[in-house]
Amino acid sequence: SSTSGARALSAGESFGDLKLFPLDDVVMGGASASSFDNDSRRWKGEVTSVNSGGFVGIRCKTLSPLDLSATQGVELKLKPDGKERRYKCVLRDSNDFNGICWTASFTVGSLQGKLASLFTNGVETVRIPHESLVPTIFAKTVPDVRIDLTNIVGLQLALSKFEYDGGLNPLFTDGSFELDVVDVATF
């Protein structure tokens, strides 16, 4: 394996205190903007498809490599803003800034999620199995590649108008949003 010194996580272990930073469509001329407060863990902003935009994201700086090979996937504990929304979770196994994004879409704020979160103070748990991750570059799928779970160096979340290969997010609407990222762990 190419990893030396990767911190191995077991099922149920948290990624730890992830510092996350916005990466919005303004990088490509869009008009969306978001902020992330690393103390309150609140991500909020305004997403708009004006100027061919339509995405906001938060991303950690490069992680010391994590070895997730002993786990089944990533578990997110999120407190949504009450609207049903479809987000993306992305893992990265390369330090290449525009390299392959291992991506899975998920929905929070649905009726089922709201009922479950009644018992957890509004926090929903989302499980993303590693085998559900789709390799993409700029939302276009990449064939014939495999994720290196022994070298996870990045994580990001996105709210995007786009799904994969030009398809649209069926729950996307322009406007303000808010999402608390309570924890990122493994299962």
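Visitor: How far does the backbone nitrogen of Gly-73 lie from a polar atom of the side chain of His-130?

Guide: A word on the model first: it is predicted, and local features need pLDDT of at least 70, side-chain atom pairs count only at pLDDT 80 or more, while totals for chains, interfaces and linings use all residues. Residues are numbered from 1 along each chain as its sequence is written, and side-chain values use heavy atoms, with hydrogens and water left out. A polar contact is a pair of N or O atoms within 3.5 Å; within protein, one must be able to donate a hydrogen and the other to accept it, and residues adjacent in sequence count only if both atoms are side-chain atoms. For the backbone nitrogen of Gly-73 and the side chain of His-130, the distance is 3.3 Å.

Visitor: With which side chain does the side chain of His-130 make a polar contact?

Guide: Contact here means heavy atoms within 4.5 Å. Not counting residues up to four places away in sequence, His-130 touches Leu-68, Thr-71, Gln-72, Gly-73, Val-74, Leu-91 and Leu-149. The polar contact between side chains, at 2.9 Å, joins His-130 to Thr-71.

Visitor: Is His-130 buried or exposed?

Guide: His-130 sits in the loop between strand E10 (124-129) and E11. Buried means under 20% relative accessible area, exposed over 50%, and partly exposed in between, using a 1.4 Å probe and protein chains only. Because its relative accessible area is 9%, His-130 counts as buried.

Visitor: Where is Ser-105 found?

Guide: Strands (E, at least two residues) and helices (H or I, at least four) are DSSP runs, numbered from the N terminus. Ser-105 has a relative accessible area of 19%, so this residue is buried. Its place is residues 101-108, which form strand E9.

Visitor: With which side chain does Ser-105 make a polar contact at 3.1 Å?

Guide: Leaving aside neighbours within four places in sequence, Ser-105 is in contact with Arg-86, Tyr-87, Lys-88, Glu-163 and Tyr-164. The partner at 3.1 Å is Tyr-164.

Visitor: Which are the edge strands of the open sheet of seven strands?

Guide: Two strands pair if DSSP finds at least two bridges between them. The sheet has the order E2-E5-E13-E8-E9-E11-E12, with antiparallel pairing. Each edge strand pairs on one side only, and the two are strand E2 (20-22) and strand E12 (140-141).

Visitor: Which residue in E11 stands opposite Thr-103?

Guide: E9 and E11 run antiparallel and are joined by three bridges. Opposite Thr-103, the E11 residue is Val-134.

Visitor: Which residue in E12 is the bridge partner of Ile-137?

Guide: Strand E11 (residues 134-137) and E12 pair in the antiparallel sense over two bridges. Thr-136 stands opposite Thr-141 in E12. For Ile-137, the bridge partner is Lys-140.

Visitor: What is the phi of Ala-139?

Guide: The hairpin of E11 and E12 has two residues between the strands, and Phe-138 there takes a positive phi near 50°. Ala-139 also lies in the loop between E11 and E12, and this residue counts as partly exposed because its relative accessibility is 23%. Although Ala-139 is not a glycine, its phi is positive, at about 65°.

Visitor: Which strand gives the most to the lining of the largest pocket?

Guide: On a 1 Å grid over the protein atoms alone, a pocket is an open set of points with protein on both sides within 12 Å along at least five of seven lines, a cavity is a set where a 1.4 Å probe fits but cannot get out, and lining residues have an atom within 4 Å of a point. This pocket is lined by 36 residues, and Met-28, Phe-55, Phe-138, Ala-139 and Ser-160 lie nearest its centre. E5, strand E8 (85-92), E9, E11 and strand E13 (154-160) each supply at least two lining residues. With five residues, the strand that gives the most is E5.

Visitor: What volume does the largest cavity have?

Guide: Grid points are joined across faces, edges and corners, and a volume is the space filled by probe spheres set on the points. The structure holds one cavity of 30 Å³ or more. The residues lining the largest cavity include Arg-85, Arg-86 and Phe-172. Its volume is about 40 Å³.
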